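Please find below a short note for a colleague who is meeting this structure for the first time. The points are numbered so that each can be checked against the model.

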Amino acid sequence: MKRFIKALVVGAAMAGALAATGQASRAQDAVQIIAVTHGQASDPFWSIVKNGMTQAAEDMGVSVDYRAPETFDMVQMAQLIEAAVNQNPAGIVVSNPDPDALGPAIERAVAAGIPVISMNSGIAAVQQLGIRLHVGQEEAAAGQAVGARFEEMGLKNVLCVNHEVGNAALDQRCAGVTDGLAGGKVTVLPTTTDPAETEAKIQAALSSDPSVDAIVGLSAPLVGEPAVAVTERLGLTGKVHVATFDMSPGFLQAIADGKADFAVDQQPYLQGYLPVSFLALNARYGTIPAGNVASGPSFVTKDTASEVIENAAKGIR
């Protein structure tokens, strides 16, 4: 009996030791990744990015801390990157809409030996800043594709509505549209993230220049949907063509209903999911892609909109 009790005690002690070892191993395996973007998680576009990051964290067994300034504020964003560096995570994901303003903070992360992946914006600064790779679309090329599509449609006078002036990626989109619309005119209409103000400015622009035959927004919910509302209200649906970069359930429905022409999909879910996955694999196995990953552009038209709406409602597209 004594031998039996002794065996139980020894067995329990060994089990406890193994459990403690397992806990310690899991603690050592814990991978922390910090994401710093210029878009708030409450924004419809950036909520999809965050959804991708959250799913990647779950799939890869890592933790992700999503951070963003309260508004489009490069000083505050640089401070958030600096704070992330001080925590020495396994990797940092950044959007980089202003490489001049954010470059020093990113370079500090690189100098500290922290792998950095950029996403959404800043592809041109990857090599310059020592960033491992970029996940996103080349914005100027995407703009050129939009301009070429307008050219094929026979459109000549385009409003490119920019809700975030100073964001280099958005400026590149409008410049690309200009390059792609050979022989046409592109006017940049600056506005804000307030859809009501955007509606008012678009309506004023259409009233002052009846020759405008197309509007391209740089955000579906902030510009695309207001543009559709204005053309409907003025009886210009089908006469003034409406397109947008990125997507929203409302704009996708407008495409399906024939009130808008197309949306440019850069797949924000992938822009969130892939960097987290890559950094997790890098932390555990030292593997990482050797080059940038293009998540877009692709076009969503009336023929394909209904297929995308369901996933958009789930926060994936």
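The points below take up the basis of the model, a histidine site, a helix pair and the nonpolar cores.

1. This is a predicted model, in which local features need pLDDT of at least 70 and side-chain atom pairs count only at pLDDT 80 or more, while totals for chains, interfaces and linings use all residues. Residues are numbered from 1 along each chain as its sequence is written, and side-chain values use heavy atoms, with hydrogens and water left out.

2. His38 lies in the loop between strand E1 (32–36) and helix H2 (44–60), and it counts as buried because its relative accessibility is 4% (buried means under 20% relative accessible area, with a 1.4 Å probe and protein chains only). Its side chain makes polar contacts with the side chains of Ser95, at 2.8 Å, and Asn167, at 3.4 Å (a pair of N or O atoms within 3.5 Å, one able to donate a hydrogen and the other to accept it).

3. Helix H3 (residues 74–86) and helix H4 (residues 99–111) pack at about 5°, with axes 9 Å apart, and are therefore roughly parallel (angles under 35 degrees). The residues of this contact (heavy atoms within 4.5 Å) comprise ten nonpolar, one polar and two charged.

4. The largest nonpolar core has 27 residues, and Leu159 is among those with the most contacts inside it (such a core joins buried Ala, Val, Leu, Ile, Met, Phe, Trp, Tyr and Cys residues through side-chain atoms within 4.5 Å). Helix H9 (220–233) is one of the contributing elements and gives the most, with six residues. A second, separate core of 25 residues includes Trp46, a residue that His38 also touches.

How values were computed: Axes fitted to C-alpha atoms, helices over the stretch in contact; angles between N-to-C directions. Helix = DSSP H or I, 4+ residues; strand = E, 2+ residues; numbered from the N terminus. Parallel < 35°, antiparallel > 145°, perpendicular 65-115°, else oblique. Nonpolar A, V, L, I, M, F, W, Y, C, P; charged D, E, K, R; others polar. Buried < 20%, exposed > 50% of the residue type's maximum accessible area, 1.4 Å probe, protein only. Lists of a residue's contacts leave out its neighbours within four places in sequence.
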